[in-house]
Amino acid sequence: MITVEHLSKRYGDHPAVDDVSFTCTPGTVTGFLGPNGAGKSTTMRMICGLTPPTAGAATIDGQPYRRLGNPGRRIGVLLDASAQHAGRTGREVLTLAALTMGVDRRRVGESLDRVGLNGTAARRRVKAYSLGMRQRLGLACALLGDPGILILDEPANGLDPEGIYWMRGLLRDFADRGGTVLLSSHLLREVEAVADRLVVIGRGRIVAQGDKAELLAASGTVVRALDPAALEAALARAGLPGTPTTDGGVVVQTGAEAIGRVAAEAGLVLLELRPAGSGGLEQMFLTLTAGDSVQEAVR
Ligand SMILES: Nc1ncnc2c1ncn2[C@@H]1O[C@H](COP(=O)(O)OP(=O)(O)OP(=O)(O)O)[C@@H](O)[C@H]1O
């Protein structure tokens with residue numbers, strides 16, 4: 001269990017993280033979402049005791065990270081895949097990590113197999129690795145101590161589509177066996193497929209959090225009319241303003257019936273009327289983080 005309570009970090013006058021609170025529970029994947037510079041990495045670094053908070057606290061199973069004896073056996077961390085010693089081979093990196101954690105060296109081979117870095121790849125030096133291979137090696141290190149918790153900062157960076165699919169399966173399986181996963185990304189669609197819960201951060205503050213299904217259900221209704229301008233006017237008259245979608249529709253924060261009635265009274269022909277689902281979540285994400293790196297966020 002990861003507990004983050006009123007965590008804040010200021011750099012001079014700049015609030016990088018501002019009063020952030022959330023929990024990550026066993027058996028779940030929590031997607032930590034936000035545009036570039038929102039404060040995801042700083043929050044994760046504070047959880048892992050690498051950056052001292054200005055205020056607030058974070059604990060792992062009730063204890064600050066720095067007080068965990070042999071933390072690699074409790075929590076697997078991947079914050080920066082490029083932080084490995086470039087002159088060592090993948091196998092050497094893992095062997096040293098195994099020695100440090102007191103893990104049986106036989107687990108090195110198993111971990112390399114688990115992340116698909118077997119044979120030749122394991123014998124190559126890290127400086128010859130692609131970013132995707134470094135992410136896989138970082139994940140192998142994080143998993144080596146057989147921890148119950150994983151904290152991963154943008155782990156899909158550099159992975160190809162097959163690699164992203166593979167990683168989702170690995171994280172889902174980890175959580176389904178009772179593990180706790182906190183996974184950051186600036187790409188909504190990347191975490192949407194695997195997360196059970198979402199924590200959305202913008203400019204250092206949490207702008208939304210909760211069960212993914214509930215956030216999706218609460219994300220409104222998509223409506224598309226033959227005459228979009230007339231629909232927009234009718235909705236505005238009814239006090240139901242919408243947010244345009246990229247494909248000519250409108251997301252309205254109410255149910256289908258209310259919108260259907262407005263359209264019927266105005267004599268409008270509707271082409272589409274459905275729960276917004278992930279499109280609505282994307283819209284919500286864009287609205288909540290408006291002005292930040294939104295284009296990046298929905299890629
Ligand atoms: N060591 C530091 N000194 C000063 N400012 C910092 C430092 N580390 C982070 N910041 C600032 O804090 C804010 C949050 O940065 P952070 O790296 O946590 O964002 P992020 O959500 O992880 O972004 P990204 O998706 O780009 O990695 C940014 O404005 C950043 O410039």
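These legends go with a set of close-ups of a predicted model.

**View 1. The whole chain, for orientation.** The chain has 12 helices and 13 strands, and 43% of its 299 residues count as buried.

**View 2. An open sheet of 3 strands, in the order E2-E1-E4**. Pairing here is antiparallel. E2 (14–24) and E4 (55–60) sit at the edges with a single partner strand each, so one side of each has no neighbour in the sheet. On average, and ignoring direction, neighbouring strands are turned by 20° against each other.

**View 3. Where E1 meets E2.** Strand E1 covers residues 2–11 and runs antiparallel to E2, with 7 bridges joining the two. One spot to look for is Tyr 11, whose bridge partner in E2 is His 14.

**View 4. Helix H1 lying across the sheet strands E1, E2 and E4**. H1 takes in residues 40–47 and runs at about 120° to E1. How many of the residues of H1 are buried? It's 8 of 8, so to speak a mostly covered helix. The buried set includes Lys 40 and Arg 45 as well as Met 44, Met 46 and Ile 47; Ser 41, Thr 42 and Thr 43 are on the list too.

**View 5. Just past the end of H1.** Follow the chain out of H1 and you get to Gly 49, which takes a positive phi of about 70°.

Terms used: Residues are numbered from 1 along each chain as its sequence is written. This is a predicted model: local features need pLDDT of at least 70, side-chain atom pairs count only at pLDDT 80 or more; totals for chains, interfaces and linings use all residues. Two strands pair if DSSP finds at least two bridges between them. Helices (H or I, at least four residues) and strands (E, at least two) are DSSP runs, numbered from the N terminus. Axes are lines fitted to C-alpha atoms, for helices over the stretch in contact, and angles run from 0 to 180 degrees between N-to-C directions. Two residues are in contact if their C-beta atoms, placed from the backbone, lie within 7 Å. A residue is buried if 20 or more other C-beta atoms lie within 10 Å of its own, exposed if 12 or fewer, and partly exposed in between; C-beta atoms are placed from the backbone.
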